[in-house]
Amino acid sequence: MKSLRILSKLINLGPLILLYYLSISEIDSHFENYFEILSFNIQLIIIYFWVSKRPEVLGSGHIFFAGLINDVVMGFPLGVSSLSYLVVSLVATYIKNMTVNTRITTDWFSFFIGIFFSNLVFFFLLVNFSEIVINFTDISYNTFFTLLFFPFFWFIFTYYNSIITTGKNA
Amino acid sequence: MSSSRDDFSIAFRSALLQRGAAQKFSLVFLIIIASIIFFLDVYGFSFMKPIRSIINDGIYRVSLVASSPSRFLPHATSGITNFINIKKENEKLKKELEALKMKELNVEFLSNQNKSLKKIIESEESYLKKENMILSKVLIDKGSPYLKSIIINRGSKSGILKGMPVTDKDYLVGRIVETNYLSSRVLLLNDLNSRIPVTFGDEGVQAILKGIGKNRPILEYLPEEFVLEEGVDVFTSGKDGIFFPGTPIGTTAEGGEVKLFTESSQLSFVKVDISNKGSEDF
């Protein structure tokens, strides 16, 4: 019984562990060796999905810290990824507050609004306040592919969400 | 109309300020904190440098441990695939051997090139005369669509300063852009922020090698109406006083691109040249 409870707790922590692991590890979603412009941001998909579907498994504080870790690993000024993640989280919370029932199409569209503002904040801060030069087209490609891969992860996360049974009381 | 605006403002305010069941902080609080951290870091307040250095060193170490499974798997799978593809590799090596034989025939071209390079080599600050090299292990080489950089396991403790050149098998791969006590960040040549003065060809043409965020950087500021030949070796010119003259970088390719001698995604160990102590404040 106790081991079952630990297992279910671990399952509930899955999205959070994945978010932290993707931020801190070397695993990247930039496949330049296969297709030079192919890159997408899984963290944004994780944040949007879980904040809009089950916010109790992904606290805002954790999103903030994952952003800080990502900044250190990627070499960006501290706080820029946190802000970018929190903007997605804000849009997801707003959509959650405004809607009762969502489908993949509505989620996909609202996710586009989320990543648009998120990447806009990211780009605006880096271009105007830091010495780092980043390419607008790279950001656009990243946004496009992140949006393109959203449905794929949506189905995976929806399935995962269905096996989280005790999450609501977490 | 006004009621929909009210709905929007209520929902937006709620999203910003409300704390859910398991949320300890409101979004607006975290956004303010993140903004403060960002501006403190960007405007380089003196107290932020050691804090950032400690955070960087700590997180790079944790990242190295966290990345070990992802490093082990490609090694294990590549060993098996190498064994399977040994025949293909043999054929490939034969082709490479033929190409090398062809290169041997090109003695005349090389002798001309040697003449121009001798001038560089004979200069006092020659790349070949340097001795102070530190071997460093690549801790993290996380690919990013925006920044092309790697983290190495040597920092200010080992005498590394900003701007120092980094090489792999004597080929230039980049320069130090961030130093911590135990680690440093190397900006690679193909990063959008990288600019290196270079020289190439028999006439010692000067140009700037500019990273464009893709695999191959490009040559800029070439002489007017200059026709770039392919396959010409490109070296650092040392005009900036940071890089040693004559460090090999790559060969010219189509459209002003330079094919680098080193594959940035395959770096395991690199050497940092610490002989130029005036590299700080780059």
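Me: What is the relative accessibility of R216(B), and as what does R216(B) count?

Reply: R216(B) counts as partly exposed because its relative accessibility is 30%. Buried means under 20% relative accessible area and exposed means over 50%, with partly exposed in between (1.4 Å probe, protein chains only). Please note that this is a predicted model, in which local features need pLDDT of at least 70 and side-chain atom pairs count only at pLDDT 80 or more, while totals for chains, interfaces and linings use all residues. Residues are numbered from 1 along each chain as its sequence is written, chains are lettered from A and ligands numbered from 1 in the order in which they are written, and side-chain values use heavy atoms, leaving out hydrogens and water.

Me: OK, and which residue forms a salt bridge with R216(B)?

Reply: The partner of R216(B) is E257(B), with 3.8 Å between the closest N and O atoms. A salt bridge here is a side-chain nitrogen of Lys or Arg within 4 Å of a carboxyl oxygen of Asp or Glu. The pair joins distant parts of the chain, 41 residues apart: E257(B) is in the loop between β10 (248–252) and β11 (258–260) of chain B, and R216(B) is in the loop between β7 and β8 of that chain. Helices (H or I, at least four residues) and strands (E, at least two) are DSSP runs, numbered from the N terminus. E257(B) counts as partly exposed because its relative accessibility is 27%.

Me: Why can such side chains pair?

Reply: Side chains of opposite charge can pair when their charged atoms come close.

Me: How many salt bridges are there over all chains?

Reply: A search of the whole structure finds seven. One of them joins the side chains of D41(B) and R52(B) at 2.6 Å, N to O. These two are eleven residues apart, with D41(B) in helix α2 and R52(B) in helix α3 of chain B. Both D41(B) and R52(B) are buried. Another salt bridge joins E178(B) and R185(B) at 3.9 Å, N to O, and both of these residues are buried.

Me: Changing topic: where does P217(B) lie?

Reply: P217(B) is in the loop between β7 (205–210) and β8 (218–220) of chain B. P217(B) counts as buried because its relative accessibility is 0%. From C-alpha to C-alpha, P217(B) and G256(B) are 8.6 Å apart, although 39 residues separate them in sequence.

Me: How many residues are in the largest nonpolar core?

Reply: The largest core has 68 residues, and L58(A) and F76(A) have the most contacts inside it. Helix α5 (residues 80–98) of chain A gives the largest share, ten residues. A second, separate core has 16 residues, including L189(B), L209(B), F243(B) and L260(B). A nonpolar core is a set of buried Ala, Val, Leu, Ile, Met, Phe, Trp, Tyr and Cys residues joined through side-chain atoms within 4.5 Å.

Me: And how many helices and strands does each chain have?

Reply: Chain A has seven helices and zero strands, whereas chain B has five helices and twelve strands. Of the 170 residues of chain A, 56% count as buried. For the 282 residues of chain B, the share is 41%.

Me: What about the interface: how many residues of chain B are in contact with chain A?

Reply: There are 53 residues of chain B in contact with 55 residues of chain A. The area buried between the two chains is about 4,700 Å², and carbon and sulfur atoms give 65% of it. Buried area is the accessible area (1.4 Å probe) that two parts lose on being put together, summed over both. F38(B), K142(B) and Y146(B) supply 17% of the area that chain B buries against chain A, more than any other three residues.

Me: Which element gives the largest share of the side of chain B that touches chain A?

Reply: That element is α3(B), with 13 residues. The count of salt bridges between chain B and chain A is zero.

How values were computed
Contact means heavy atoms within 4.5 Å.
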